[in-house]
Each structure stands twice: as C-alpha cells, then as structure tokens.
Amino acid sequence: MVGKNCFAIASDRRLGVNLQTVATDFQRIYKIHDKLYIGLSGLATDAQTLYQRLIFRHKLYQLREERDMKPPTFASLVSAILYEKRFGPYFCQPVIAGLDDDDVPFICTMDCLGAKELAKDFVVSGTASESLYGVCESMYKPNMEPEELFETISQALLSSVDRDCLSGWGGHVLLVTPTEVQEKTLKGRMD
Amino acid sequence: MECVFGLVGDGFALVAADTSAVHSILVHKSNEDKVMLLDSHKLLGASGEAGDRAQFTEYIQKNVHLYEFRNGIPLTTAAVANFTRGELAVALRKNPYFVNILLAGYDKDVGPSLYYIDYIATLHKVDKGAFGYGSYFALSMMDRHYHSRMSLEEAINLVDKCIMEIRSRLVVAPPNFVIKIVDKDGAREYAWRESIKDAEVSAA
C-alpha cells in the first residue's frame with residue numbers, strides 16, 4: 001500500500017503443504033536493497049529460487065552500474081525473468097514495492113507469467129487476493145501518514161487472511177519511509 | 001507408510017525414521033536405516049521413493065565429504081541445507097527426486113538446527129518437523145508437548161509418544177523406528193524402537 005512518501009508491504013506467515021501447516025514463521029517478503037522490497041506468494045520453492053535469481057541479478061547490476069536498481073527497472077526485470085519461463089513457469093505472484101527517485105513510492109504486482117499491474121494505491125497477491133482487494137478498497141485512503149498506513153495495512157491483512165483457510169498464522173509488516181524501515185510482526189488468529 | 005520426524009532440543013537435535021522398506025503390499029525388510037550420517041555432526045533423515053532416497057542421500061553425503069577433503073574444513077549445517085535444496089531445485093524441472101528430507105546438525109557457533117526440505121525443494125529452518133502420513137500424528141503430538149530447550153530425556157519421551165501414536169492410529173503403521181541424535185559430541189545412533197524383529201539369517 002502507498003502512503004504519503006512511504007509504503008508498507010505485508011504478508012502472512014504460514015508455510016503449508018495443501019491442508020497441513022508446516023511452519024508459522026515463514027518469511028515471504030525479501031529485501032532487494034534499502035528502498036526496494038519484493039513479496040513472493042505462491043509455491044515456496046519457486047519463491048526461493050526466484051529470490052535467489054533476483055538477488056544475483058541485482059548484485060551484478062550493482063557491480064556494473066555502481067548503484068541500486070530503481071523499482072520500475074526491477075519490476076521489468078522480474079517480469080522478463082518470469083516470462084522467460086512462459087511454458088514452464090515459476091508458480092509465484094510477486095508484489096514489488098519501492099521508493100523511486102525523489103522518494104516517490106512505487107508498487108506493482110504481476111501474475112506468474114510476468115504481466116505487470118501498476119497501481120497508485122495498493123496491490124495484492126496470494127490465495128486471499130480476492131478478500132484483500134475488497135478490504136483494501138474499503139479501508140484505503142490516499143496520502144496516509146506512516147502510522148495510519150501501518151494500522152490500515154495490518155487490519156486489511158488480518159481481516160482478509162481470516163477468511164482464507166490457507167493464509168494466516170500471524171503477519172509481517174514492513175513500513176518503509178525515506179529515512180527508516182520499521183518491521184513488525186502481527187499477532188492474529190492462529191488457525 | 002514412510003515416516004520421518006525430528007526436533008531440536010537443548011544442545012542437540014534428533015531425527016527419528018521408520019525402518020521398513022516396502023514395495024506395494026510387500027515389506028522387503030524392517031531394519032532399513034533411513035537416517036544417514038553425513039559427517040561427524042550432521043544427520044540426514046529421508047523418506048520417499050526408495051531408489052531416489054538411497055541415491056540422493058548418498059550423493060549429498062559424498063559431496064559433503066568432497067568439500068571437507070578439498071577445503072580442509074567441514075560445511076556448516078545451513079550450507080548443506082542450501083546445497084541440498086539447490087540440487088533438488090535444479091532437478092525439479094528436469095527429473096525430480098521424490099525425497100523428503102529432515103537435515104539435523106550441530107554447529108559450534110549456532111548450536112543445534114533442523115531443516116525441513118521437501119521434495120519440491122522448499123527449504124525452511126524449523127524446531128520440529130515431520131513427513132509422511134505419520135506427520136499428521138507426530139506434528140500434533142509435538143505441537144502439544146514440545147517446548148524449546150527440551151532435555152534429552154523429555155525429547156525421547158516425546159519421540160516415544162509420537163511413535164506410540166503412529167503405531168496405534170495409522171492403518172499401515174511401520175513397526176520399527178530408529179532414533180539418531182546429533183550434539184556437540186557428534187552424530188550417532190541413539191536407539192531402535194522395534195516391535196517386529198527380522199529373523200536372523202543363518203550362515204550358509
């Protein structure tokens with residue numbers, strides 16, 4: 001979700017295999033650099049493989065260009081990497097969030113084949129995406145301050161994962177402003 | 001049905017696995033060791049397709065040894081876990097291995113650790129994990145009785161409770177289990193829990 005000169009990215013913490021919950025502390029949001037985060041929902045193995053490939057590409061970029069990748073560039077990179085596997089895809093739906101030039105928040109999501117979806121307010125992915133769309137649409141206001149943004153995204157996450165049996169077991173929220181990053185763990189219904 | 005489970009205690013990690021080698025309705029043997037000692041301080045408990053299990057775990061073991069010979073120092077548990085995941089991930093889209101793995105190890109700086117690696121190369125560091133139909137019972141028992149920093153006695157008690165539960169509630173329950181442990185003194189076999197003993201083969 002986008003706020004006033006800041007953004008927040010949140011995920012649930014469940015690692016499951018169909019109906020069985022294997023772990024309740026799974027990290028789904030990964031840091032690319034200080035002002036760029038990617039959340040990967042979907043098949044855990046593909047999320048881990050994709051993350052390793054993206055970190056590799058970003059490190060190479062840093063060595064060549066001597067700077068961090070901008071969020072829109074990174075989004076195009078992810079899209080290209082996903083489309084490379086058009087006929088044998090990575091089963092992940094990424095959510096990319098970052099601070100662009102002049103600390104303007106940038107968010108986007110894409111499907112497992114790399115179809116980018118830019119938005120100005122919020123983006124969602126995962127098994128609870130339909131719930132998330134509904135809740136975010138009703139709770140979102142433009143230009144929220146960081147504290148209010150944190151509150152809104154936390155409530156949105158917790159209410160929608162409560163309606164999905166495959167999501168939940170707590171939440172992880174990262175609130176990124178130009179000066180700092182706050183990482184918080186949410187306690188939700190553990191079922 | 002095959003079953004592997006493990007947990008992390010106070011300064012040790014343990015892995016228990018059933019010991020039956022089954023082919024359709026026939027039990028070939030009931031003392032098949034499915035928990036492999038990778039090196040002095042690592043255990044690899046594996047379950048899944050028999051041929052893949054034997055081949056893949058040996059492959060990992062030999063590669064771990066090779067690293068130690070080449071570089072003079074052993075790999076850390078996290079490094080072995082990531083290597084194993086890498087091998088499974090690369091094979092996944094070509095010729096997948098159907099092996100589920102619980103990797104337990106002890107490192108001097110980190111202490112005991114347990115890694116859950118399933119057959120599609122999902123890697124996660126856990127305190128307790130289980131695979132197979134027995135996991136439905138083992139995980140529930142561990143959810144109820146496990147707490148962090150359990151003593152060896154408490155942990156073995158819990159493992160025995162899980163084994164009892166699997167034996168009494170799973171329709172094709174494996175009769176025998178092996179329990180192996182890894183701590184600062186190394187990886188070793190702790191005990192067998194047998195309810196059916198193979199007949200001794202007399203010398204020809």
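Biologist: Let's start with one residue. In which strand of chain B is B:Phe12 found?

Modeller: B:Phe12 sits in strand E2 of chain B. Helices (H or I, at least four residues) and strands (E, at least two) are DSSP runs, numbered from the N terminus. This is a predicted model, where local features need pLDDT of at least 70, side-chain atom pairs count only at pLDDT 80 or more, and totals for chains, interfaces and linings use all residues. Residues are numbered from 1 along each chain as its sequence is written, chains are lettered from A and ligands numbered from 1 in the order in which they are written, and side-chain values use heavy atoms, leaving out hydrogens and water.

Biologist: Is B:Phe12 buried or exposed?

Modeller: Buried means under 20% relative accessible area, exposed over 50%, and partly exposed in between (1.4 Å probe, protein chains only). B:Phe12 has a relative accessible area of 5%, so this residue is buried.

Biologist: Which residues is B:Phe12 in contact with?

Modeller: Contact means heavy atoms within 4.5 Å. If we leave aside neighbours within four places in sequence, the partners of B:Phe12 include B:Pro112, B:Met150, B:Leu152, B:Ala155 and B:Ile181. Sequence distance and space distance can be read side by side too: B:Phe12 and B:Leu114 are 102 residues apart in sequence, with C-alpha atoms 9.8 Å apart in space.

Biologist: Now helices. How far does H4 of chain B reach from its first C-alpha to its last?

Modeller: The expected span of a helix is 1.5 Å times one less than its number of residues. H4(B), residues 152–169, has 18 residues and reaches 25 Å, close to the expected 26 Å.

Biologist: And which residues of H4(B) are buried?

Modeller: They are B:Ala155, B:Ile156, B:Leu158, B:Val159, B:Cys162, B:Ile163 and B:Ile166. Down the helix axis, these buried residues fall within an arc of 160 degrees, so they line one face of H4(B). (The arc is that of the directions from the helix axis to the C-beta atoms.) The face turned away from the buried side carries the exposed residues B:Glu153, B:Ser168 and B:Arg169. Among the elements covering the buried residues of H4(B) are strands E1 (3–8) and E2 (12–18) and helix H3 (134–145) of chain B.

Biologist: How many residues are in the largest nonpolar core?

Modeller: A nonpolar core is a set of buried Ala, Val, Leu, Ile, Met, Phe, Trp, Tyr and Cys residues joined through side-chain atoms within 4.5 Å. The largest one has 46 residues, and B:Phe5, B:Leu7, B:Leu14, B:Met142 and B:Val159 have the most contacts inside it. H4(B) gives the most to this core, with 7 residues. Leaving aside neighbours within four places in sequence, B:Val159 touches B:Phe5, B:Leu7, B:Leu14, B:Ala16 and B:Ile179. Another core lies apart from that one, with 32 residues, including A:Leu99 and A:Met144.

Biologist: Which residues of H1(B) are buried?

Modeller: H1(B) buries B:Asp52, B:Arg53, B:Phe56, B:Thr57, B:Ile60, B:Gln61 and B:Val64. Here the arc is 150 degrees, so the buried residues line one face of H1(B). B:Phe69 and B:Arg70 are exposed on the face turned away from the buried side. The buried residues pack against strands E5 (35–39), E6 (42–48) and E7 (99–107) and helix H2 (77–92) of chain B. After H1(B) comes B:Gly72, whose phi is positive, near 80 degrees.

Biologist: How many salt bridges does a search of the whole structure find?

Modeller: Side chains of opposite charge can pair when their charged atoms come close. The rule for a salt bridge is a side-chain nitrogen of Lys or Arg within 4 Å of a carboxyl oxygen of Asp or Glu. Over all chains, the search finds 21. One of them joins B:Lys34 and B:Asp18, with the closest N and O atoms 3.2 Å apart. B:Lys34 lies in the loop between E4 (26–29) and E5 and B:Asp18 in strand E2, so the pair ties together parts 16 residues apart in sequence. Both B:Lys34 and B:Asp18 are buried.

Biologist: How many salt bridges cross the interface of chain B and chain A?

Modeller: The rule finds 1 there. A:Asp46 and B:Arg93 meet in a salt bridge, at 2.6 Å from N to O. Across the two chains, 16 residues of chain B are in contact with 19 residues of chain A. The area buried between them is about 1200 Å², with 46% from carbon and sulfur atoms. In chain B, B:Arg85, B:Arg93 and B:His124 lose the most area to chain A, together 44% of what that side buries. Buried area is the accessible area (1.4 Å probe) that two parts lose on being put together, summed over both.
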